[in-house]
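Trainee: I am new to this structure. Could we go through a few of its features one at a time?

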Amino acid sequence: KELLLDVKNLKQHFPVKGGLLGRTINHVKAVDGVDFQMNEGETLSIVGESGCGKSTTGRAILRLDNPTDGEIYFQGQNLLKLNKKEMRKVRKDLQVIFQDPFASLNPRQTIKSILYEALSIQNVLPKAKRLERIYELLEHVGLPADSIHRYPHEFSGGQRQRIGIARALAVDPKLIICDEAVSALDVSVQAQVLNLLKSLQNQFNLTFLFIAHDLGVVRHISDRVIVMYLGKIVEIADKKTLFQSPQHPYTKALLSAIPVTKKEEKRERIVLEGDVPSPINPPEGCRFHNRCPLAVDACKTQVPPLRNIENGHQVACHLVS
Ligand code: SF4
Ligand code: MG
């Protein structure tokens, strides 16, 4: 499998202004030193509570924000070194599907015009072929051909997400970042959209970076899972390992909140005390220490590094090695 994406030491610190002069008085460390790789054709999920930095990581890869530090190699090219024009070219291979297709689809544009626009921005097809491609895209995502003259509001949430998928697919990308792409949908519709994504992945050799707050949602689609907490990765594992033998106390707590499948043993519910602390002044040492049921003294002062415990399973916890 070819390496498609290589994120190195990614940091995104947003300034916090304050005082009479509006000076920068602090920084929100939204992402604070994140490293991971993706291979072509895989589905990697990033999971964590809101504010853990998962969306910020996605936005940095898309260059919607400029990260504070780090490198993002996509197909061997450091995206953070590209100018706007170069980045526009890369966007053909790097697409996104957002949580709320309603907010990301122009209500005054017909489906035809939305998809036509996606095709013309990247100029991937001669004009004469575009309409044919639009019909093909609708078929790929399971929407009737007569959708073409309708507007986003005439569709259900699940159908709108299919339009979002068609738009991302239009330019034949390599990597699609799905930021909470099914979170707003009913469970049964979620399953349909996830199945659609899976089948499109097989057909077109797509790679997915799935961003979600719920492990249950990404369970079926993921090959590997990253768990983030307060701007840092706490665990990376292939799906089977993560669901059957999670090692980080935070992963265990997240997992204990979702229903088990037939093959799994019942898990005891681990309820974490308190809320996720502010990323402005995250706790010293292990950022999870004030909520961790297993914390020892060292956790308050020493940052646990993300260590490889066995082939590709990485954990950041003093008690796991
Ligand atoms: Fe808990 Fe300490 Fe491990 Fe952090 S390093 S997860 S506080 S045991
Ligand atoms: Mg988010």
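Mentor: Start with a term: two residues are in contact if their C-beta atoms, placed from the backbone, lie within 7 Å. Keep in mind that the model is a predicted one.

Trainee: At what angle do the axes of helix 4 and helix 5 cross?

Mentor: Helix 4 passes helix 5 in a right-handed crossing. The angle between the axes is roughly 115°.

Trainee: Is helix 6 mostly covered or mostly uncovered?

Mentor: Helix 6 runs over residues 157–169 and has 13 residues. Among its buried residues are Arg160, Ile163 and Leu169. With 11 of its 13 residues buried, helix 6 is mostly covered.

Trainee: Why does Ile176 count as buried?

Mentor: Ile176 lies in strand 7, residues 175–179. Leaving aside neighbours within four places in sequence, its contacts include Val96, Ala168 and Phe208. A residue is buried if 20 or more other C-beta atoms lie within 10 Å of its own. Ile176 counts as buried because its C-beta neighbours inside 10 Å number 24.

Trainee: Is Asn205 buried or exposed?

Mentor: Asn205 lies in the loop between helix 7 (187–204) and strand 8 (207–212). Asn205 has a positive phi of about 50° although it is not a glycine. Most residues other than glycine have a negative phi. With 10 other C-beta atoms within 10 Å, Asn205 is exposed.

Trainee: What phi does Arg63 have?

Mentor: Arg63 is in the loop between helix 1 (54–61) and strand 4 (69–74). Arg63 counts as partly exposed, because it has 18 C-beta neighbours inside 10 Å. Although Arg63 is not a glycine, its phi is positive, at about 60°.

Trainee: How many nonpolar residues does the shell around ligand 1 have?

Mentor: Ligand 1 is surrounded by 13 residues, and Cys286, Cys292, Ala295, Cys299 and Cys317 are the closest. The shell has 3 polar residues and no charged ones. Its nonpolar residues number 10.

How values were computed
Residues numbered from 1 in each chain as written. Chains lettered and ligands numbered in written order. Predicted model: local features only at pLDDT ≥ 70, side-chain atom pairs only at ≥ 80, totals over all residues. Near = placed C-beta within 6 Å. Nonpolar A, V, L, I, M, F, W, Y, C, P; charged D, E, K, R; others polar. Axes fitted to C-alpha atoms, helices over the stretch in contact; angles between N-to-C directions. Helix = DSSP H or I, 4+ residues; strand = E, 2+ residues; numbered from the N terminus. Left-handed = near helix turned anticlockwise from the far one by under 90°. Expected span 1.5 Å × (residues − 1). Buried ≥ 20, exposed ≤ 12 C-beta atoms within 10 Å, placed from the backbone.
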